[in-house]
Amino acid sequence: MTATPMIQRWTLPGLQLSDVTLPVPLDHAAPTGAQLELFARVVTADGGEDRPYLVFMQGGPGSEAPRPLEASSPGWLARALREHRVVMLDQRGTGRSTPVGPDTALPGGAIPGAATLREATASQQAQYLTHFRADAIVHDAELLREHLEVETWSLLGQSFGGFTALRYLSAAAGSVEKALFTGGLPTVGPGMDEVYQATWQGMIGRSERYWARFPGDRDRFRRLADAADAGRLRLPEGQRVGVERLRRLGHLLGASQGAERLHFLLDLDPAAPAFAHDLAAALPFGGRNPLYAVIHESCWADGIATRWAGDRAQPAAVTEDPTLLAGEHIHRSLFAEDPELEVWAEAADLLAAHEWPALYDAEALRRCTVPGAAAVYYDDAYVPREHSMATAALLPRMRPWVTSEYEHNGLRAGGQGVLDHLLDLAAGRRAA
């Protein structure tokens with residue numbers, strides 16, 4: 001574990017990069033206890049050394065920040081660098097920050113008697129993982145801001161990153177110059193059941209539209225579901241895929257060109273090696289980013305326990321018809337079917353019963369004077385428009401942009417266009 005902050009500088013064509021690593025408390029309520037490593041990469045265009053900081057908050061939860069390949073990769077980066085230095089933050093548990101994994105060495109003193117999470121009890125695992133939500137990420141970001149010696153910086157939150165940005169405005173708005181959201185304005189308060197009901201209904205509609213566009217695919221999918229139900233649908237290493245796990249291929253429909261990707265998958269011979277490998281690659285949850293599955297529902301838990309909300313909200317019509325697809329809905333059987341996630345099964349059950357503290361302060365948001373803009377996707381598969389608009393209404397200086405041009409991945413799919421629109425809105429250079 002790094003005892004003191006470290007900075008490593010290097011370059012890419014047209015870019016200067018500073019890799020920053022610093023220690024942060026596992027539990028911010030116990031700052032002298034076990035320490036994690038926090039990693040961030042500061043990306044600066046040549047000549048942009050004095051520009052203000054824009055912190056990119058990645059979606060997920062459980063995914064690291066993008067790795068810049070050049071000034072135009074990811075596609076929105078070049079637009080951001082025209083006005084800012086960009087901080088690519090690896091949220092705790094991801095990337096080069098201390099990762100979460102069954103066999104990753106735990107920081108000293110994190111869990112007495114256990115060197116890794118695999119050696120810990122389910123109760124110890126669950127308690128450890130309670131420290132990886134948006135509230136802890138904001139505390140980490142504040143320590144990073146202080147380390148960089150800046151008074152304020154701006155936020156760009158994609159999906160779960162927007163949830164984290166809203167927590168920032170609830171808890172530390174004085175550190176924020178402006179806040180930009182892309183598909184990431186969550187509901188405030190204990191309304192996660194209504195969110196999951198809305199996303200299930202949205203996925204029913206998306207499923208029917210998909211089958212209408214590719215009518216032959218429905219019978220293909222039904223045959224796959226029959227094979228899954230009989231235990232015959234397997235991934236390349238022999239891992240079983242059940243009906244509910246197969247149903248989650250519907251997450252592809254929440255992104256641009258996702259319908260085409262699903263069609264090309266279903267177009268393959270199910271007995272061909274290509275199909276098994278492509279199926280494995282298309283399933284949304286897995287062992288590379290375990291937090292995405294294990295604490296996924298907790299990002300909606302604003303002062304409540306989740307109690308497997310996505311599972312509970314699944315309509316009977318969906319249960320009865322395997323061709324009605326799912327999105328980011330966690331199903332308990334996932335942890336039994338996937339050997340890489342099986343180690344987390346008991347901890348996931350304990351976390352589902354955990355009474356999570358509140359993430360957002362509605363009164364603080366109503367008092368927030370930070371200017372901002374939010375891309376609200378009209379038919380977002382994961383973050384319902386109505387809930388996002390209700391949250392936008394709490395923020396006096398938030399300017400929502402409701403658009404049907406993009407899906408949930410609009411920031412990535414839209415190149416510079418989405419970010420350009422939001423920056424102009426927040427700066428008053430655009431009327432709507």
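Reader: What should I know before reading the values?

Author: The model is predicted: local features need pLDDT of at least 70, side-chain atom pairs count only at pLDDT 80 or more, and totals for chains, interfaces and linings use all residues. Residues are numbered from 1 along each chain as its sequence is written, and side-chain values use heavy atoms, with hydrogens and water left out.

Reader: How are strands defined, and which strands pair with strand 2?

Author: Helices (H or I, at least four residues) and strands (E, at least two) are DSSP runs, numbered from the N terminus. Two strands pair if DSSP finds at least two bridges between them. Strand 1 (residues 6-12) runs antiparallel to strand 2, joined by 7 bridges, and R9 stands opposite S18 in strand 2. The hairpin of strand 1 and strand 2 has 2 residues between the strands, and G14 there takes a positive phi near 80°. Strand 2 also pairs with strand 3 (residues 35-45), in the antiparallel sense over 11 bridges. T21 stands opposite F39 in strand 3.

Reader: How many residues of strand 2 are buried?

Author: Buried means under 20% relative accessible area, exposed over 50%, and partly exposed in between (1.4 Å probe, protein chains only). In strand 2 (residues 15-25), 9 of its 11 residues are buried, and the strand is mostly covered. As a general point, side chains in a regular strand alternate between the two faces of the sheet.

Reader: Do strand 4 and strand 6 pair in the parallel or the antiparallel sense?

Author: Strand 4 (residues 53-57) and strand 6 pair in the parallel sense, over 4 bridges. L54 stands opposite S154 in strand 6. Strand 6 also runs parallel to strand 7 (residues 176-182), and 5 bridges join them. In that pairing L155 stands opposite A179 in strand 7. Strand 6 (residues 153-158) is mostly covered, with 6 of its 6 residues buried.

Reader: How many aromatic pairs does the whole structure have?

Author: Rings of Phe, Tyr and Trp (its six-membered ring) pair if their centres lie within 6.5 Å; planes under 30 degrees apart count as stacked, over 60 as edge-to-face and the rest as tilted. A search of the whole structure finds 11 aromatic pairs. One of them joins Y210 and W211, edge-to-face, at 5.0 Å centre to centre with 75° between the planes. Both Y210 and W211 are buried. Ring pairs also link Y210, W211, F214 and F221 into a cluster.

Reader: Why is the pair of F285 and Y292 tilted?

Author: The ring planes of F285 and Y292 stand at 40°, so the pair is tilted, with the centres 4.7 Å apart. F285 counts as buried at 5% relative accessibility, and Y292 is buried with a relative accessible area of 15%.

Reader: Which residue lies over the face of Y378?

Author: A charge sits over a ring if NZ of Lys or CZ of Arg is within 6 Å of the ring centre and within 35 degrees of the ring normal. R385 lies over the face of Y378, at 3.9 Å from the ring centre. R92 lies over the face of F132, at 5.7 Å from the ring centre.

Reader: How many cavities of 30 Å³ or more are found?

Author: The search finds 4 cavities of 30 Å³ or more. The largest cavity has a volume of about 140 Å³. It is lined by 16 residues, and the closest to its centre are H296, W300, E328, Y382 and V383.

Note on methods: 1 Å grid on protein atoms, 1.4 Å probe; cavity = no way out; pocket = protein on both sides within 12 Å on 5 of 7 lines; lining within 4 Å. Points joined across faces, edges and corners; volume = space filled by probe spheres on them.
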